[in-house]
Amino acid sequence: MTRPLDRPAGPLDDPTSPLSRAAAAPLMLGLFLPLQTGAFSQSTLPRGTRWDFEYNRALTARAEQAGFEFVFGLQQWVGQGGFGGEMAYRENFLDPFISTVALAATTTSILSLSTVHVLYGNWHPLHLARFAVTADHLSGGRYGLNIVTGYAENEPRMFGMERIDHDRRYEQADEFVSIMEDLWAGNSELTYDGEFYRLDGAYVSPRPTHGRPILVAASGSPAGYAFAGRHADIVFTSSPAGADFDGAIDALPDHVATIKRAARAQGREVKVIIFPLVVCRETDAEAAAYRDAIVAHADHGSLVNYHARHTGGDSQAWPQHVLADRALGGHLQIVGGPEKVAESLERLHDAGFDGVQLGFYDYSPDLEQFVDAVLPLLEKRGLRG
């Protein structure tokens, strides 16, 4: 007989958890890892960014040393040749679930967050509940799952499936995560006969270190916000007004407020983060020139193919993003000297964001410059401890 599902306290309810310590920062800093060919920029301008594990391990170590709160891995399923073009964009793609677990074992303080498409193939909540609690213990409570349902039309076909209707996907994901939460609570064995999943005498042990692993939701729709409000600690969102910073910033306070209201309607609080692609040089003019050079080398073949994938999907997260934005990438683009970059990040904080996960074009040197030139300015502005 199906019983009501239990729900454990989350890591934000425990002031000693790594997530609570991270969330104490006025503006959390994360790094969006380049686990895939071309990272997030569809340009052939020469750079040293690589997708391999050792490169990402070194980036993670540097981010941790600099005091970043988290690293984040993207998930995507692409065919042979990736999205094509000169660069075979995203052809090589390290799995973020395995990669971030491995990175957690090499670090001591930074959070590792991984994206998982929970509705593809034969994923079962019992599998993922056990895998995630193992990662939780391996990392000392520094591991999190970004639960996504998949908007692309072709991805589920790789698993022999057809794409489920948008809002229906969130209904299934809600049951999936609710079952995992019950298993993490571990009050008794779970026998459950739901709409999407069945379990008979299921149990997972040990208990997570801080109630449950960190949960993240990447959401851009009312159904997604409601799902995130029920389950997530962190909501990863996009810009509803395009990637140009100055054109988007005025729309962001209402956007963030909508997400937080959805959580408060469930009696919960969430942290909201966004992905800025940062181009920083010594001066605003030098940064703009570098941005223009990146865009001038746009990989048009992969841009067209990626745009076709996006328009064939049913995501509601990027309504005003255009094909040209992808040459540089990012949900927002921050371009300027150190003062302008720091000012832009402060404006995101003032808009209600609790954190950012940063991307760069040439990751290693650009991250180094950000740490050396921008971090001290964020400290002066009271955004970093």
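The questions and answers below go through a predicted model, taking its strands, helices, pockets, cavities and backbone in turn.

Q: Which residue in E9 stands opposite Val-235?
A: Strand E8, made of residues 234-236, pairs in the parallel sense with strand E9, made of residues 271-274, and three bridges hold this pairing in the count. The residue in E9 that stands opposite Val-235 is Val-272.

Q: Which residue in E12 stands opposite Ile-274?
A: Strand E9 also runs parallel to strand E12, which covers residues 355-358, and two bridges join them. Across this pairing, the residue in E12 that stands opposite Ile-274 is Val-356.

Q: Are H6 and H7 roughly parallel or roughly antiparallel?
A: Two packed helices are described by the angle between their axes and by the distance between those axes. Helix H6 spans residues 166-185 and helix H7 spans residues 222-231, and they pack with axes 9 Å apart at an angle of about 10 degrees. Because angles under 35 degrees count as roughly parallel, the description that applies to H6 and H7 is roughly parallel.

Q: How many charged residues does the contact of H6 with H7 have?
A: On the H6 side, the residues that meet H7 include His-166, Tyr-170, Ala-173 and Val-177, while Ala-223, Phe-227 and Arg-230 are among those that H7 brings to the contact. Sorted by class, this contact has five nonpolar and four polar residues, and the number of charged residues is four.

Q: Which element gives the most residues to the lining of the largest pocket?
A: The largest pocket has a volume of about 210 Å³, and its lining includes Asp-244, Phe-245, Asp-284, Arg-291, Ile-334 and Lys-340. Two or more lining residues come from each of helix H8 (245-248), helix H10 (284-296), strand E11 (332-336) and helix H12 (338-350). By class, the lining divides into four nonpolar, three polar and five charged residues. With four residues, the element that gives the most is E11.

Q: How many of the residues lining the second largest pocket are charged?
A: The second largest pocket holds about 160 Å³ of space. Of the 13 residues that line this pocket, those nearest its centre are Gly-10, Asp-13, Arg-212, Asp-233 and Arg-268. The lining divides into three nonpolar and two polar residues, while the number of charged residues is eight.

Q: What is the volume of the second largest cavity?
A: The count comes to two cavities of 30 Å³ or more. Among the residues that line the second largest cavity are Leu-119, Tyr-120, Pro-156, Met-161 and Arg-169, and by class its lining has five nonpolar, two polar and three charged residues. The volume of this second largest cavity is about 50 Å³.

Q: What is the value of phi of Ala-88?
A: Ala-88 is found in the loop between strand E2 (70-73) and helix H3 (96-105). Ala-88 is a residue other than glycine, yet its phi is positive, with a value near 45 degrees.

Technical notes. Residues are numbered from 1 along each chain as its sequence is written. This is a predicted model: local features need pLDDT of at least 70, side-chain atom pairs count only at pLDDT 80 or more; totals for chains, interfaces and linings use all residues. Side-chain values use heavy atoms; hydrogens and water are left out. Axes are lines fitted to C-alpha atoms, for helices over the stretch in contact, and angles run from 0 to 180 degrees between N-to-C directions. Angles under 35 degrees count as roughly parallel, over 145 as roughly antiparallel, 65 to 115 as roughly perpendicular and the rest as oblique. Contact means heavy atoms within 4.5 Å. Ala, Val, Leu, Ile, Met, Phe, Trp, Tyr, Cys and Pro count as nonpolar, Asp, Glu, Lys and Arg as charged, and the others, Gly among them, as polar. On a 1 Å grid over the protein atoms alone, a cavity is a set of points where a 1.4 Å probe fits but cannot get out, and a pocket is an open set with protein on both sides within 12 Å along at least five of seven lines; lining residues have an atom within 4 Å of a point. Grid points are joined across faces, edges and corners, and a volume is the space filled by probe spheres set on the points. Two strands pair if DSSP finds at least two bridges between them.
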